[in-house]
Amino acid sequence: MVNITEKIKEIEDEMRRTQKNKATEYHLGLLKGKLARLRAQLLEPGPGAGAAAGTGFDVSKSGDARIALVGFPSVGKSTFLSKVTKTKSEVAAYSFTTLTAIPGVLEYGGAEIQVLDLPGIIEGASEGKGRGRQVISAAKTSDMIIMILDATKRAEQRALLEAELEAVGIRLNQDPPNIYLKQKKAGGMKITFSAPPKQLDEKMLYNILRDYRILNCEVLVRDENATIDQFIDVIMKDHRTYIKCLYVYNKIDSVSLDFLDRLAREPNTAVMSCELDLGVRDVVDKAWEELRLIRVYTKRKGIDPVFSEALIVRNNSTIEDVCDHIHRTLKESFKYALVWGASARHVPQRVGLAHVVADEDVVSIVGTKSGLSVK
Ligand SMILES: Nc1nc2c(ncn2[C@@H]2O[C@H](COP(=O)(O)OP(=O)(O)OP(=O)(O)O)[C@@H](O)[C@H]2O)c(=O)[nH]1
Ligand SMILES: [K+]
Ligand SMILES: [Mg+2]
């Protein structure tokens with residue numbers, strides 16, 4: 001049986017040994033491509049990949065979004081879950097207290113976010129160490145990862161965890177590359193750049209495509225700064241997941257103010273102490289902001305809206321989306337809507353289906369059937 005993990009190690013070693021320069025960049029590009037293929041194989045169930053490959057924990061999705069708590073052991077993931085939801089996940093000073101996925105519900109102004117507390121992961125998780133692969137599979141199903149870090153531990157922890165997630169195809173806080181690739185049956189390769197590329201050239205892409213046995217295709221690179229890694233991501237797009245990540249340093253009760261200040265300035269980062277109940281609310285607010293969901297409270301004529309029940313739509317949604325959310329046919333009898341809140345120029349503003357709503361808007365739909373307004 002071929003050992004994929006060993007092959008991966010070999011390639012990683014070769015990449016480390018190879019000096020980066022103009023002469024080696026084609027070779028390095030090919031190695032990166034091979035590495036990406038092997039890592040994908042590792043996650044496929046079947047011979048050579050181990051029993052737990054690719055399977056997550058069996059928790060069904062619920063609520064308006066899912067957040068996964070990912071981190072090394074004992075950073076305070078379970079403590080955080082127990083603070084922000086009604087679920088009590090076991091907390092203890094020893095590593096691997098949590099052994100499976102524990103779901104909780106975070107209520108946020110009428111929205112319900114499922115928060116998954118997960119076992120701690122360790123270096124090598126992507127290759128199956130500990131419950132790494134299961135944790136990572138669970139993380140892949142989430143809309144956002146909150147990476148909990150221990151403010152008292154060495155700074156490399158963040159890069160180490162990122163590398164583990166990266167190795168299994170999770171891309172944090174990145175957009176999918178702006179590269180178009182279409183495989184064809186015949187006609188050879190057609191590679192075009194919409195602007196002179198800074199990090200790629202045709203030969204590089206040609207080599208990699210050939211190594212992937214993609215001989216007939218059309219490629220259009222729309223981003224002049226696109227990298228070889230991004231190009232490989234496009235080839236491997238079925239194995240790539242683009243997820244938002246909020247980095248959260250816990251246990252700030254045990255570090256100096258100077259250090260804390262530095263941590264807090266990192267991008268996509270929040271700091272907290274679950275123990276002292278410092279910053280926990282900020283973390284939740286930031287997570288909500290990053291999810292970019294919008295709460296709309298619907299209102300019937302003459303009755304106050306119910307603020308404990310929000311209708312959740314994506315960012316940039318319109319009144320039409322809101323209607324579709326309430327009922328499939330509501331649009332048909334739609335006359336106009338009244339809107340109170342940030343999206344309204346004056347309150348209430350009378351708007352049509354194309355009006356874009358904002359978080360915490362109150363909306364009343366008025367229809368042609370007499371007296372129709374929504375629940
Ligand atoms: N000083 C300090 N300790 C904390 C804080 N939050 C949690 N702890 C402690 O850190 C230890 C680990 O907490 P857990 O919540 O079990 O950590 P975990 O990340 O879920 O750990 P595993 O499930 O084992 O991976 C416990 O002893 C907590 O009391 C904090 O803000 N400050
Ligand atoms: K623990
Ligand atoms: Mg735990």
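Helix H3 (residues 77-84) supplies the largest share of the shell around ligand 1, namely 3 residues. Helices here are DSSP runs of H or I with at least four residues, strands are E runs of at least two, and both are numbered from the N terminus. In total 24 residues surround ligand 1, and the closest are Gly76, Ser78, Thr79, Thr98 and Gly120. A residue is near a molecule or strand if its C-beta atom, placed from the backbone, lies within 6 Å of it. By type, the shell around ligand 1 divides into 8 nonpolar, 12 polar and 4 charged residues. Ala, Val, Leu, Ile, Met, Phe, Trp, Tyr, Cys and Pro count as nonpolar, Asp, Glu, Lys and Arg as charged, and the others, Gly among them, as polar.

The model is predicted: local features need pLDDT of at least 70, side-chain atom pairs count only at pLDDT 80 or more, and totals for chains, interfaces and linings use all residues. Residues are numbered from 1 along each chain as its sequence is written, while chains are lettered from A and ligands numbered from 1 in the order in which they are written.

The protein has 10 helices and 15 strands, and its C-alpha atoms fill a box of roughly 70 × 60 × 45 Å along the principal axes.

Three domains are assigned: domain 1 (4-50 + 177-239), domain 2 (65-174 + 242-291) and domain 3 (293-367). These bounds come from an automatic or database domain assignment. The C-alpha centres of domain 2 and domain 3 lie 33 Å apart. Across their boundary, 5 residues of domain 2 are in contact with 8 residues of domain 3, a contact being two C-beta atoms, placed from the backbone, within 7 Å. On the domain 2 side, the touching residues are 3 nonpolar, 2 polar and no charged.

Next comes helix H7 (residues 228-235), where Gln230, Phe231, Ile232, Asp233 and Ile235 are buried. The buried residues of H7 pack against helix H2 (25-43), strand E6 (179-183) and helix H6 (202-211). In helix H9 (residues 280-291) lies Ala287, which counts as buried because it has 22 C-beta neighbours inside 10 Å. Leaving out residues up to four places away in sequence, Ala287 touches Ile67, Met144, Ile146 and Leu246. Ile146 is 141 residues from Ala287 in sequence, yet their C-alpha atoms are 8.0 Å apart.

An open sheet of 5 strands has the order E12-E11-E15-E13-E14, with mixed pairing; two strands pair if DSSP finds at least two bridges between them. Strand E12 (311-314) and strand E14 (349-351) are at the edges with a single partner strand each, so one side of each has no neighbour in the sheet. The twist averages 35° from one strand to the next. Angles run from 0 to 180 degrees between N-to-C directions, with axes fitted to C-alpha atoms, for helices over the stretch in contact.

Strand E11 (residues 293-298) pairs in the parallel sense with strand E15 (residues 361-367) over 3 bridges, and Tyr297 has Val362 as its bridge partner in E15. E11 and E12 run antiparallel, joined by 4 bridges; here Arg295 has Ile312 as its partner. E11 is largely enclosed by the rest of the structure, because 6 of its 6 residues are buried.

Methods
A residue is buried if 20 or more other C-beta atoms lie within 10 Å of its own, exposed if 12 or fewer, and partly exposed in between; C-beta atoms are placed from the backbone.
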